[in-house]
Amino acid sequence: MDDIEDPLGPLDPSFAVQFQRDDRRPKCQLYLISPLDVGGDFPDRLRRALGAGPAAAFQFRVKDVDQHKAAMLAEPLQRICAEHDVAFLVNDSISLAKRLGADGVHLGQDDGDPREARAVLGPAAQIGVTCHDSRHLAMEAGEAGADYVAFGAFYPTTTKEVRHHPHPVILSWWATVFEMPCVAIGGITPVNAPPLIEAGADFLAVSGAVWGHDEEVAMRRFGQLLA
């Protein structure tokens with residue numbers, strides 16, 4: 001859904017101009033998302049990346065893989081994240097997150113309800129929800145017990161097919177009205193990230209900008225940007 005189709009209506013772009021981040025709100029942090037292929041030397045790449053720059057979370061995202069194989073692929077990555085004090089979240093699958101004892105799960109709009117995830121994973125789990133460009137969906141996710149909401153895609157991306165393109169002002173609105181963190185996602189690079197940080201993003205979710213390049217160089221660049 002585009003902004004104008006949101007039941008709450010479009011946001012005034014000038015809202016972003018007036019936005020000032022609350023000093024009590026933590027600085028924006030990096031949220032890494034895995035490529036679809038996490039086999040081969042990817043564990044070594046993840047270790048190098050986390051050694052080169054800070055990340056708050058890592059999302060394990062694979063498709064068309066049965067749960068047994070997914071668990072085998074996830075286990076070394078989960079250990080590496082634990083070594084670097086990085087939260088390990090599973091994309092889409094509440095049952096896989098439960099099987100792995102993951103730190104949490106990220107749910108698309110068709111991947112389950114945050115209430116179900118909470119019941120299965122427990123009170124300490126971090127539960128995120130994709131909300132595209134909709135303030136309405138984001139508020140529904142918050143009411144259902146999500147720990148963060150994700151808006152995007154802000155920029156063109158080849159990581160996944162997208163139909164929703166929010167404006168950065170949605171981050172400003174969310175950070176002004178709610179304490180719950182918001183994640184910006186979609187084609188984010190060290191070059192185009194500053195407007196999202198300035199607009200109020202609590203996390204930048206990145207994948208191709210790191211794994212499509214030298215991961216150590218990319219992580220250092222993001223680290224310098226977010227310092």
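The questions below take up cysteines, nonpolar cores, helix packing, backbone geometry and selected loop residues.

Q: On what kind of model do these values rest, and how are residues numbered?
A: This is a predicted model, in which local features need pLDDT of at least 70 and side-chain atom pairs count only at pLDDT 80 or more, while totals for chains, interfaces and linings use all residues. Residues are numbered from 1 along each chain as its sequence is written, and side-chain values use heavy atoms, with hydrogens and water left out.

Q: What makes Cys-28 and Cys-131 buried or exposed?
A: Buried means under 20% relative accessible area, exposed over 50%, and partly exposed in between, with a 1.4 Å probe and protein chains only. Cys-28 has a relative accessibility of 7% and therefore counts as buried. Cys-131, at 0%, is buried as well.

Q: What makes a set of residues a nonpolar core, and which residues touch the most other members of the largest one?
A: A nonpolar core is a set of buried Ala, Val, Leu, Ile, Met, Phe, Trp, Tyr and Cys residues joined through side-chain atoms within 4.5 Å. The largest such set has 63 residues, and Leu-32, Phe-58, Phe-60, Phe-88, Phe-151, Leu-171 and Leu-204 touch the most other members. Helix H3 (residues 67–83) gives the most to this core, with 6 residues; helices (H or I, at least four residues) and strands (E, at least two) are DSSP runs numbered from the N terminus. A second, separate core of 9 residues includes Leu-89, Ala-150, Val-183 and Phe-203. In soluble globular proteins, nonpolar side chains tend to be buried together.

Q: How do you know which residues Phe-88 is in contact with?
A: Contact means heavy atoms within 4.5 Å. Leaving aside neighbours within four places in sequence, the partners of Phe-88 include Phe-58, Phe-60, Leu-77, Cys-81 and Leu-100.

Q: What describes the packing of helix H6 and helix H7?
A: H6 (residues 135–143) and H7 (residues 169–177) pack at an angle of about 35 degrees, with their axes 11 Å apart. The axes are lines fitted to C-alpha atoms, for helices over the stretch in contact, and angles run from 0 to 180 degrees between N-to-C directions. Arg-135, Ala-138 and Met-139 in H6 meet Ile-170, Trp-173 and Trp-174 in H7.

Q: Why is the crossing of H6 and H7 called right-handed?
A: A crossing is right-handed if the near helix is turned clockwise from the far one by less than a right angle, and left-handed if anticlockwise. H6 passes H7 in a right-handed crossing.

Q: What makes the peptide bond from Gly-152 to Ala-153 stand out?
A: This bond is cis, with omega near 15 degrees. Most residues other than glycine have a negative phi, and most peptide bonds are trans. Ala-153 lies in the loop between strand E6 (148–152) and H7.

Q: Why is Lys-63 called partly exposed, and which residues is Lys-63 in contact with?
A: The relative accessibility of Lys-63 is 35%, so Lys-63 counts as partly exposed. Lys-63 is found in the loop between strand E2 (57–60) and H3. Apart from neighbours within four places in sequence, Lys-63 is in contact with Leu-36, Asn-91 and Asp-92. The C-alpha atoms of Lys-63 and Asn-91 are separated by 9.5 Å, with the two residues 28 apart along the chain.
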